[in-house]
Amino acid sequence: MVRPDDAALDAAARVRVTMIVGAGDTGKSTLAAGVAAALAGRGARVAVVDADVGQSEIGPPTTVGLGRVRGPLGRLGDAELLALEFIGDTSPVRRIAQTADATGRLVRRALADGFAHVIVDTGGLVEGPLGLALKRAKLRAVDPDLVIVVQRRDESARLAQALGGDDRPAVVRIVAAAAATRRTQTQRRAYRDTTLRAYLSGAAAVDLPLERVEPARGLSTVVEGLLVGVHGADDQTLGIGRVRAVDTERARVVVETPVESARIVRLVLGRTVWPS
């Protein structure tokens, strides 16, 4: 378990909802895991929300995940998975509202379930109009008590300035971890491929009628390799799947998914095609 920054830990211990923001590869996820584990080590019930849909650790890419801290966390993925929200894309800028709303719903679920602390990890886009729009949407949806801004230099300065001046949320700025290393886009794609391959390694082929697919955008949009959300009763996201084949004559679709076929009520189309 990584020991979190003292200022970050002390501030998070005083509030219920902490949101961690910063550029990519600044150690946000490591910090989130460290803070969550340290608070749990003090006897508190702690939940973590992973809102980095492209580099997910709690749940597969294309989802926002909610996890429960049961013990030491070497990484966020060591948390016990409680719930998923399917976004359908590995790029949150194409799903800003959906990503923010899903993050907010999972935070409220954790609070309703009685968790004393909820730690929210976010993606690394903080600069430019889209980065600011995404973070502001998440801030509105989550309504955190505390925002921890992780910076190498001044890449999150505009976001931090936008947070200043109000009593809430409180803002703590810390320096990015020296051990944090920048990854290339190729390395990020490789991580997504590895994560998806591991998630689908035990998948079974499920044959379903096309009428279970929503939204009904026409058969041409249901293509081989498309990642879909697998939903069950009460419209909860049970997991994701990958389209293996579409049979237009039989009006059927074959999806590879680790979710048991008996639990599947409908499929929700995503935007990401994974051809592996």
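Author: Alanine 251 is partly exposed, because its relative accessible area is 35%, and that term covers values between buried (under 20%) and exposed (over 50%), taken with a 1.4 Å probe on protein chains only. The model is predicted, so local features need pLDDT of at least 70 and side-chain atom pairs pLDDT 80 or more, while totals for chains, interfaces and linings use all residues. Residues are numbered from 1 along each chain as its sequence is written, and side-chain values use heavy atoms, without hydrogens or water.

Alanine 251 sits in the loop that joins β11 (237–247) to β12 (252–257), where helices (H or I, at least four residues) and strands (E, at least two) are DSSP runs numbered from the N terminus. Although alanine 251 is not a glycine, its phi is positive, at about 55 degrees. Most residues other than glycine have a negative phi. Aspartate 143, in the loop between α4 (128–142) and β6 (146–151), also has a positive phi without being glycine, near 55 degrees, and with 42% relative accessibility it counts as partly exposed.

Aspartate 121, by contrast, counts as buried because its relative accessibility is 1%, and it belongs to strand β5 (residues 117–121). Beyond its neighbours within four places in sequence, aspartate 121 has contacts (heavy atoms within 4.5 Å) with residues including Ile20, Lys28, Ser29, Val49, Asp50 and Leu76. Leucine 76 is 45 residues away from aspartate 121 in sequence, yet their C-alpha atoms are 9.1 Å apart in space. With serine 29, the side chain of aspartate 121 makes a side-chain polar contact of 2.6 Å, a polar contact being a pair of N or O atoms within 3.5 Å, where within protein one must be able to donate a hydrogen and the other to accept it, and residues adjacent in sequence count only through side-chain atoms on both sides.

Helix α2 (residues 28–41) packs against helix α1 (residues 6–13) at an angle of about 55 degrees, with the axes 10 Å apart. By class, the contact of α1 with α2 has eight nonpolar residues, and no polar or charged ones.

How values were computed
Axes fitted to C-alpha atoms, helices over the stretch in contact; angles between N-to-C directions. Nonpolar A, V, L, I, M, F, W, Y, C, P; charged D, E, K, R; others polar.
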